[in-house]
Amino acid sequence: MGINPRHSVLFEPIKIGPVTLPNRFYQVPHCTGMGHALPRTLAAMRGMKAEGGWGVVCTEYCSLHPTSDDQPFPFASMWDDGDMANLAAMADAVHAHGALAGIELWHGGSYVANLASRQPSIGVRSMPSREDPVQSRRMDKADLRAFRTWHLAAAQRAKAAGFDIIYVYPSHGYLVSEFLSRSLNERTDEYGGSLVNRMRLFRELLEATRSAVGDRCAVAARFAANGHGEEHLSVEEARDLLGLIGHLPDLWDLVIDDYYEEMGSSRFYSEGHLEGRIAYARALTGKPVVSVGRFTSPDTMVRQIKSGVLDLIGAARPSIADPFLPKKIREGRYEDIRECIGCNICYAYNYRGSAIRCTQNPTMGEEWRRGWHPERVPTGASGTVLVIGAGPAGLEAAHILGKRGYTVTLADAAKEAGGRVSRESRLPGLREWSRVRDYRLQQLAKLPNVSLYLDNRLTAAQVREFGADDVMLATGARWRRNGLGRSCPVPIEFPAEALVLTPDDLMDGRVPAGAVLLYDDDNYYLGPVLALLLARQGARVCYVTSAPRAGEWSKYTGEQDRTQRQMLEAGILIRCNETLAAFDGHAAALHCIYTGNAAVQAASALVLVTSREPNDALYYELVGSAGVESGARILRIGDCLQPSIIAAAVYSGHKAARELGSIAPSAALRDRVQIQK
Ligand code: ADP
Ligand code: SF4
């Protein structure tokens, strides 16, 4: 099928300044956890997006000088000729597929602590860094002059490296936005006071960048259309600014002031949620506008363009989940689109200082290291494979095995496919997670060599009798009922009459009423989400966590504050820094993690969200307790091998299926600096 005329507007070339974009698909700057540290990995990953049809592919935040060093986060850098050569590899990889390369020059200002460079950070006034006991140095006129020189030098290097679009970045609390701030900027000279003065530095950077590189490169500005909060830059001032200098850049990349709302997870925000705050800017500036909104629906994209909100469809996550999204739309292959589920796992791993990964796209970040392509797998395989369990691991494995040419039987004990994804996506806020299942079921439906048998619990005897050449066990894991977990290495014994439930019980519909204590020692999303389910069904919920805040790990996905707010608004009592010691059916004994002091919390039911037990009994029946059986080719994948996040289960299924039958499973390359002899 060819391009649907309804969507053809998405494939029109667009001119911005001196460059012409091949289409309207624009990968905005996004973190990768690769940055300056993994240049080959980065170039291959960005190149893959260009191959998939993105008309523009940008870097992540790219430091322009050592006074802006975001260690331990793997930011990109354009400090010297070495950086220039590494980023040129990215620009080349993007150009190889006819796309344009953009670079987001960034200075963190007071926000960064410069842990690696050990240079004093600089700011409009001396302010504490985000996390460390470090304050910035107040910039004087000489610093301003130096800063403009660094920005210019970085822009010139970016041009020499082959970049086509060069950013000025006055938002998200970084250096240039400090100058815009009414409260941070106390200067009494021409850089402080009135809006015109506060935006002087921004204006100078736009003008200098344009005159230095504007003959060949477009200049883009990334700006929060709703201002930076009343105390910094009000919505009205943001409008005034766009009215005054809207004509200066070639492109406005519009964001909003709250980063965690901008890249809002699907638990809290829906597709296109920024529209109301950015829609005004295009008419005001008369310049092309790009913005994001977790766009995966071509109809929504077209509507944003036709209604005059956007000229370019900005995407970070949709391009991560499906680097081939534009090509699939162009070819009318809508059912092949791997839609982002809005879980923000991609962002979390940058925050953890490691390379990006994605729940939906297991090849993300593996393009260079393992040579994985998101759309191609080795074909021509023969033989039969039995995959047991149709959760994310089993579905992904069956799908990839099927594409490779194996004859695949996928069996699941449940009446529906999807395993934990189907069960969890019925919980509050997790509906979009069902896309993990739906994409794979759609792919399986196209593969006549894969058969799916639901409502089929297999025993070891049946597996042996089936006689497949290879067996993959994707039987998942179940939540423990004995309190075992991070904070509790010894099982807790509960009296038989006490109502002690697990997340599996709740997902099976056993939702207790009355006073319920939910104990969270897992500390990601499930505890808070189940607490919400209980509260919405009328229980009086006390949420107890061993962590300092509710759903602590979700700080990495940018969801922690919303999580806690949502729970408080639902009337849930939150108790932090306490572990569970006992529960007798009427009250729980809790211990303070610092003092060990005991406290009592009345409850008639206890829900334990602590840790999981792999469902590996069938595996050991098949391979024997020693773990091996000669001649058997039996593999565990997903949670059955290692309980983890859904992204890990998909990855595990993908890797096993891609590598099945290989003589040497793909040895991963290592991207690192090597000493030259
Ligand atoms: P993962 O995240 O690793 O994919 P899930 O828990 O989501 O794991 O899925 C495991 C699936 O395995 C569930 O749908 C479950 O019904 C199925 N399952 C477990 N044991 C058996 C079995 N013996 N036979 C068939 N299916 C099974
Ligand atoms: Fe989307 Fe989640 Fe993948 Fe990020 S990790 S791109 S949010 S599916």
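Visitor: Is Cys488 buried or exposed?
Guide: Buried means under 20% relative accessible area, exposed over 50%, and partly exposed in between (1.4 Å probe, protein chains only). Cys488 has 11% relative accessibility, so this residue counts as buried.

Visitor: What kind of model is this, and how are its parts numbered?
Guide: Residues are numbered from 1 along each chain as its sequence is written, while chains are lettered from A and ligands numbered from 1 in the order in which they are written. Side-chain values use heavy atoms, with hydrogens and water left out, local features need pLDDT of at least 70, side-chain atom pairs count only at pLDDT 80 or more, totals for chains, interfaces and linings use all residues, and the model is predicted.

Visitor: How many disulfides does a search of the whole structure find?
Guide: A disulfide is a pair of cysteine sulfur atoms within 2.5 Å. The search covers the whole structure, and the number of disulfides is zero.

Visitor: Which cysteine has the sulfur nearest to that of Cys488?
Guide: Cys488 is in no disulfide. The nearest cysteine sulfur is 16 Å away and belongs to Cys592.

Visitor: Why is strand 20 largely enclosed by the rest of the structure?
Guide: In a regular strand the side chains alternate between the two faces of the sheet. In strand 20, Ala515, Leu517 and Tyr519 lie on one side and Val516, Leu518 and Asp520 on the other, and all are buried. Strand 20 (residues 515–520) is largely enclosed because its buried residues number six of the six.

Visitor: How many bridges join strand 20 to strand 26?
Guide: In strand 26 (residues 605–609), Val609 is the bridge partner of Asp520. The two strands run parallel, and the number of bridges between them is five.

Visitor: Which residue in strand 21 does Leu517 stand opposite?
Guide: Strand 20 and strand 21 (residues 540–545) pair in the parallel sense over six bridges. In strand 21, the residue opposite Leu517 is Cys542.

Visitor: What is the hand of the β-α-β crossover from strand 20 to strand 21?
Guide: A crossover is right-handed if, with the strands pointing away from the viewer, the path from the first strand over the helix to the second runs clockwise. The chain leaves strand 20, passes through helix 20 (residues 526–536) and reaches strand 21. This crossover is right-handed.

Visitor: Where does Tyr524 lie, and is it buried or exposed?
Guide: Tyr524 is in the loop between strand 20 and helix 20. Contact means heavy atoms within 4.5 Å; beyond four places away in sequence, Tyr524 touches residues including Cys343, Ile345 and Trp553. With 8% relative accessibility, Tyr524 counts as buried.

Visitor: Which helix gives the most to the shell around ligand 2?
Guide: A residue is near a molecule or strand if one of its heavy atoms lies within 4 Å of it. The residues around ligand 2 include Arg317, Cys340, Cys343, Cys346 and Cys358. The elements that give two or more residues are helix 12 (317–321) and helix 14 (345–351). With three residues, the one that gives the most is helix 12.

Visitor: Is Cys346 buried or exposed?
Guide: Cys346 is one of the residues around ligand 2. Its relative accessibility is 11%, so Cys346 counts as buried.

Visitor: Which residue in strand 24 is the bridge partner of Phe583?
Guide: Strand 23 (residues 578–583) and strand 24 (residues 587–592) pair in the antiparallel sense over five bridges. Their hairpin has three residues between the strands, and Gly585 takes a positive phi near 100° there. In strand 24, the partner of Phe583 is Ala588.

How values were computed: Helices (H or I, at least four residues) and strands (E, at least two) are DSSP runs, numbered from the N terminus. Two strands pair if DSSP finds at least two bridges between them.
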